[in-house]
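Reader: Hi, I'm new to reading structures. Can we go through one together?

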Amino acid sequence: VAYGSRLGFRGTEDLGAGLRANFLMEMGVAADTGGLNQGGLAFGRQIFVGLENSNWSLTAGRQYTPMNAAVASFEALNGGYWGNVTAQAVAAYESIGATAGDGTPTGGRADNSLMGTLSSGGLTGKLMVTAGNENSRGTGQLINASVAYTSGPLSATAVVGGVRQGAAMITTTASPEWMRSWMVGAKYDFGVAKVFAGAYQFTGPQNFANLSSVATLGAP
């Protein structure tokens with residue numbers, strides 16, 4: 001009910017000396033019609049390849065942003081049921097006018113992305129960069145970094161990110177602005193109950209004159 005049907009494939013290959021190669025391919029399936037979700041992409045949920053060991057990983061492809069993962073993790077229902085918090089908070093504005101697979105981050109997923117993860121003790125850091133729409137203006141490019149701490153029942157995180165306006169959001173000659181966001185969150189497991197807390201803020205563009213019709217209030 002909350003997340004819909006999906007079909008996926010994943011695998012790992014031991015390369016020796018603690019190093020592994022991995023891949024994941026996951027599609028969203030409309031079980032009532034047989035169609036594909038995520039705009040009809042064959043593997044619209046995630047598709048990536050990577051290398052990893054016990055302390056770090058490096059993955060490339062279409063994947064969830066660190067911001068999306070953090071918002072979902074520090075929301076009591078993991079972004080489902082009573083409204084999709086991750087969809088409303090992450091990429092609700094950034095993806096205006098975007099189409100599936102065009103390189104603009106949508107629904108917390110980013111195409112053409114490279115993400116590194118490093119863990120030590122209870123700390124985990126993530127950094128993601130993307131190619132965006134892959135044009136000379138740099139539209140749709142994203143950079144996103146997070147750090148999380150876990151110790152027993154306590155977990156906390158802080159995330160900062162920026163994404164340049166997507167190609168569909170601005171006029172064809174406009175220079176894309178960086179739109180910025182941050183999030184902090186924490187949760188504690190008391191055994192009989194869990195307590196969640198968090199704050200998220202998004203700062204949109206300042207130059208409204210460069211917006212295309214799809215990003216203008218009242219436009220069809």
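Reader: What kind of model is it?

Author: This is a predicted model: local features need pLDDT of at least 70, side-chain atom pairs count only at pLDDT 80 or more, and totals for chains, interfaces and linings use all residues. Residues are numbered from 1 along each chain as its sequence is written, and side-chain values use heavy atoms, with hydrogens and water left out.

Reader: Ok, strands. How do E7 and E8 pair?

Author: Antiparallel, over 10 bridges, with E7 covering residues 142-151. Strands (E, at least two residues) and helices (H or I, at least four) are DSSP runs, numbered from the N terminus. Two strands pair if DSSP finds at least two bridges between them.

Reader: Which residue in E8 is the bridge partner of Ile 143?

Author: Gly 162. In E9, Gly 162 has Arg 180 as its bridge partner. E8 and E9 pair in the antiparallel sense too, over 11 bridges.

Reader: And the turn between E7 and E8?

Author: That hairpin has two residues between the strands. Gly 152 takes a positive phi near 60° there.

Reader: Where is Thr 172?

Author: Thr 172 sits in the loop between E8 (154-164) and E9 (178-189).

Reader: Is Thr 172 buried or exposed?

Author: Exposed, at 71% relative accessible area. The cut-offs: buried is under 20%, exposed is over 50%, partly exposed is in between (1.4 Å probe, protein chains only).

Reader: New topic. Why is H1 called largely enclosed?

Author: Because six of the eight residues of H1 (residues 66-73) are buried. Among them are Pro 66, Met 67 and Asn 68.

Reader: What does Asn 144 do near there?

Author: Asn 144 lies in E7. With a relative accessible area of 3%, Asn 144 is buried. A polar atom of its side chain lies 3.0 Å from the backbone nitrogen of Met 67. A polar contact is a pair of N or O atoms within 3.5 Å; within protein, one must be able to donate a hydrogen and the other to accept it, and residues adjacent in sequence count only if both atoms are side-chain atoms.

Reader: And Gln 46?

Author: Gln 46 is in E3 (residues 46-52). Gln 46 counts as buried, at 13% relative accessibility. Its side chain reaches the backbone nitrogen of Tyr 64 at 3.1 Å.

Reader: What about the second largest pocket?

Author: The second largest pocket has a volume of about 340 Å³. It has 22 lining residues, and Gln 46 is one of the closest to its centre. E1 gives the most to that lining, with six residues.

Conventions
On a 1 Å grid over the protein atoms alone, a cavity is a set of points where a 1.4 Å probe fits but cannot get out, and a pocket is an open set with protein on both sides within 12 Å along at least five of seven lines; lining residues have an atom within 4 Å of a point. Grid points are joined across faces, edges and corners, and a volume is the space filled by probe spheres set on the points.
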